[in-house]
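Trainee: Could we go through some helix packing together?
Mentor: Happy to; here is the model.

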Amino acid sequence: MATEAAPMDEKAKRMRDLLSSFYTPDPSISTPTSSISTSFDNINGPSFDADQYMDLMIKKSNLDVLLQRHVQMAAEIKNLDTDLQMLVYENYNKFISATDTIKRMKSNIFGMEGNMDQLLHKIMSVQSRSDGVNTSLFEKREHIEKLHRTRNLLRKVQFIYDLPARLQKCIKSEAYGDAVRFYTGAMPILKVYGDTSFKDCRRASEEAIETIIKNLQTKLFSDSESIQARAEAAVLLKQLDVPVDSLKDKLLEKLEQSLDGLQINPDEASKLAEHNVSSKDEESNNQGPAKIHEDAVRGFSEAMRAYREIFPDSEERLFKLARALTTTHFENMELYIRKRVSAADFLGIFRIIWEDVVLMDEVLPEAALSDLSAEAAQVTLKQFVARTFSHLQQDISDTLLKFDINQKEVVDGEVLKVVLEASGKAVLQGTTDIFQEFRQLLDENTGIFVKMNDLLIGWIQKGFQDFFRSLESHFLVLSGKTSSSNETEGLVEGKSSEKIHAGLILVLAQLSVVIEQKVIPRIAEEITASFSGGNSQAFIPGELCRVFHAASEKLLQHYIDTRTQKISNVLRKRFKTPNWVKHKEPREVHMYVDMLLQQLEEVGKEVKQILPQGTFRKHKRSDSNGSNTTTSSRSTTLHSDKMARSNSQRARSQLFETHLAKLFKQKVEIFTKVEFTQESVVTTTVKLCLKSLQEYVRLQTFNRSGFQQIQLDIQFLKAPLKETVEDEAAIDFLLDEVIVAASERCLDVTPLEPPILDKLIQAKLAKSKEHNNNNNKTTVSS
């Protein structure tokens with residue numbers, strides 16, 4: 001690369017020297033390069049010697065180098081010839097163009113000299129005639145100007161003579177401003193000639209002015225007069241050289257007292273906002289509350305302007321008054337938005353406040369009211385956004401709690417379904433309404449709102465993020481899963497976890513799923529479409545979806561735990577009440593079984609209203625891995641026809657076979673993940689109840705009759721439980737575990753004979769059927 005760059009530099013140097021020699025007429029003038037390069041091998045230098053150059057090239061170079069140098073020089077010579085030819089052609093074209101231009105200029109200028117002479121002659125003629133006219137009219141012009149001066153003087157004299165009458169007319173019409181203007185305009189003449197020619201006029205005028213001064217002083221201290229009228233009176237008194245400095249404190253105190261009438265009362269803010277919105281495009285309505293308030297603030301601003309001119313040293317106090325009014329406006333605004341306020345009403349009040357700030361800022365720009373208002377507006381707007389989300393959460397909570405959920409309505413009707421639909425609609429419609437409200441804020445063209453657009457978008461995104469997090473926490477509080485804070489205690493109205501209906505917990509679980517799958521993605525799309533910008537990381541839909549997914553699982557599990565706890569209480573009372581060691585022989589299935597089945601039936605009806613139906617696939621025991629051994633063992637035990645055996649032998653055989661079958665039993669997965677389906681929730685609830693039943697059995701000691709009672713109850717439960725669950729294998733396993741636990745805690749394990757067991761179960765079924773028929777007849781008749 002270095003060897004290729006050197007020839008290019010040398011070529012460029014030779015080209016510059018060639019152009020310089022072409023455009024330099026004197027051969028003695030040369031470029032600095034040619035004067036410096038004196039070496040004999042510089043082919044472009046003036047002292048170049050061709051013979052020495054050739055001898056040196058022959059000595060130093062071989063034939064290949066010489067041939068290469070020859071080809072290079074031939075190419076350079078050709079390029080130089082081409083460049084010179086192009087330069088000659090370009091310069092020749094320019095010379096021809098310049099020649100043509102000069103010819104056209106000569107043809108255009110020809111004859112112009114004569115026209116210029118004619119124009120000069122005409123100008124001189126006009127000038128001579130103008131001088132003649134001025135000379136002939138000079139005397140008349142002087143006379144007219146003299147008459148005009150006399151006329152003006154007579155008008156002034158006439159004005160002086162008419163001044164007392166004019167002042168009296170102004171007093172009658174209370175046009176004190178005109179009266180002061182007339183009098184101050186005549187004062188220079190009255191001061192000079194008031195003691196001679198216009199003595200009477202001066203005396204009458206002074207008497208009228210004294211009356212005007214008294215009237216102005218009365219007006220200045222009258223509470224019935226407006227602030228602007230009193231300020232105008234002070235200005236007029238000062239123009240009449242009446243000392244008003246002593247009245248400064250009193251006037252400023254009255255101005256400060258007038259602030260109370262200018263404040264925006266939170267109770268009346270709605271009327272101002274409604275009128276401001278309704279009359280925004282109606283200029284003919286001039287008597288509304290907003291117009292009255294605007295006129296009052298305008299008068300206050302004009303009073304501050306007048307007092308500033310009258311009392312220059314009172315600026316700081318006026319600044320303080322203006323800032324106090326601005327601060328009070330925004331403090332009242334914060335009180336106003338504590339209740340539910342629409343964006344239109346909020347903007348209506350905000351426009352009124354901003355108009356007040358603009359009016360006062362025109363009068364007192366040094367008070368920096370715009371900066372103060374901008375800071376206060378940011379705080380107020382941020383609070384409005386936060387309270388809007390708070391009101392939405394309140395609406396959702398009210399929707400969930402306004403239904404009086406009792407057990408009868410849940411079982412007989414579809415109240416849980418109604419609550420879920422209403423609360424889901426409240427969330428969807430509420431977020432839609434909030435977006436419409438916030439669009440109004442973004443579309444507002446008030447200057448300060450335009451500057452806060454990016455901040456507003458960031459607050460909206462962060463507001464949605466905080467809203468959903470707060471809503472998730474509130475759901476957990478409503479369900480009784482977590483304890484409530486001071487804020488949420490008012491929403492729940494002090495309901496304890498015991499009084500919270502389990503159906504509400506189920507509704508909250510499914511509502512969390514709706515929010516995760518429908519609401520949050522829709523809000524993310526809306527924010528991307530209309531509320532992009534600001535802090536792009538403020539709203540994170542993925543994080544919120546994970547939060548509500550976890551919340552839905554917690555609430556669903558909490559629902560199952562609540563239902564299971566209620567059933568466990570029934571089982572606990574059942575097993576702690578009797579003395580199982582002295583239990584009598586079983587005569588029927590115990591009533592706690594009916595209560596257990598009733599509770600499970602209620603669970604089924606609740607989940608049917610809220611949860612979708614899953615793929616109902618019954619899991620039965622496998623025919624391998626010892627399952628047949630277990631079944632045949634229990635069947636052999638319960639249905640043995642060897643009546644000759646004694647009860648003790650059968651008991652020992654049954655216990656031995658049960659434990660032996662337990663060793664070969666197929667491993668059953670009892671507790672699996674709960675799905676959002678009817679079958680999964682019911683099955684999990686049944687499993688937990690049976691597990692509780694097993695633990696309560698293990699805590700007791702049974703005699704033979706107590707063990708037989710447990711056997712009867714469990715045998716009766718098998719059929720209805722298998723009809724309601726999807727995992728029969730786990731239910732069979734848990735029921736067997738209850739029997740095993742009872743046998744382990746029994747002093748005399750002697751099962752009921754199969755005929756007796758069947759007879760008691762059939763009697764219970766017949767009794768239950770009769771009871772259901774009677775209930776149906778009662779329902780139809782009612």
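Trainee: In which hand, left-handed or right-handed, does helix 21 pass helix 22?
Mentor: A word on the source: this is a predicted model, where local features need pLDDT of at least 70, side-chain atom pairs count only at pLDDT 80 or more, and totals for chains, interfaces and linings use all residues. Residues are numbered from 1 along each chain as its sequence is written, and side-chain values use heavy atoms, with hydrogens and water left out. A crossing is left-handed if the near helix is turned anticlockwise from the far one by less than a right angle, and right-handed if clockwise. For helix 21 and helix 22, the crossing is left-handed.

Trainee: How are helix 21 and helix 22 oriented to each other, roughly parallel or roughly antiparallel?
Mentor: Their axes come within 8 Å and cross at roughly 170°. Angles under 35 degrees count as roughly parallel and those over 145 as roughly antiparallel. Helix 21 and helix 22 are therefore roughly antiparallel.

Trainee: Is S568 buried or exposed?
Mentor: S568 lies in helix 22. Buried means under 20% relative accessible area and exposed over 50%, with partly exposed in between (1.4 Å probe, protein chains only). At a relative accessible area of 6%, S568 is buried.

Trainee: Which residues does S568 touch, not counting residues up to four places away in sequence?
Mentor: Contact means heavy atoms within 4.5 Å. With residues up to four places away in sequence set aside, the partners of S568 are S692 and Y696.

Key. Axes are lines fitted to C-alpha atoms, for helices over the stretch in contact, and angles run from 0 to 180 degrees between N-to-C directions. Helices (H or I, at least four residues) and strands (E, at least two) are DSSP runs, numbered from the N terminus. Angles under 35 degrees count as roughly parallel, over 145 as roughly antiparallel, 65 to 115 as roughly perpendicular and the rest as oblique.
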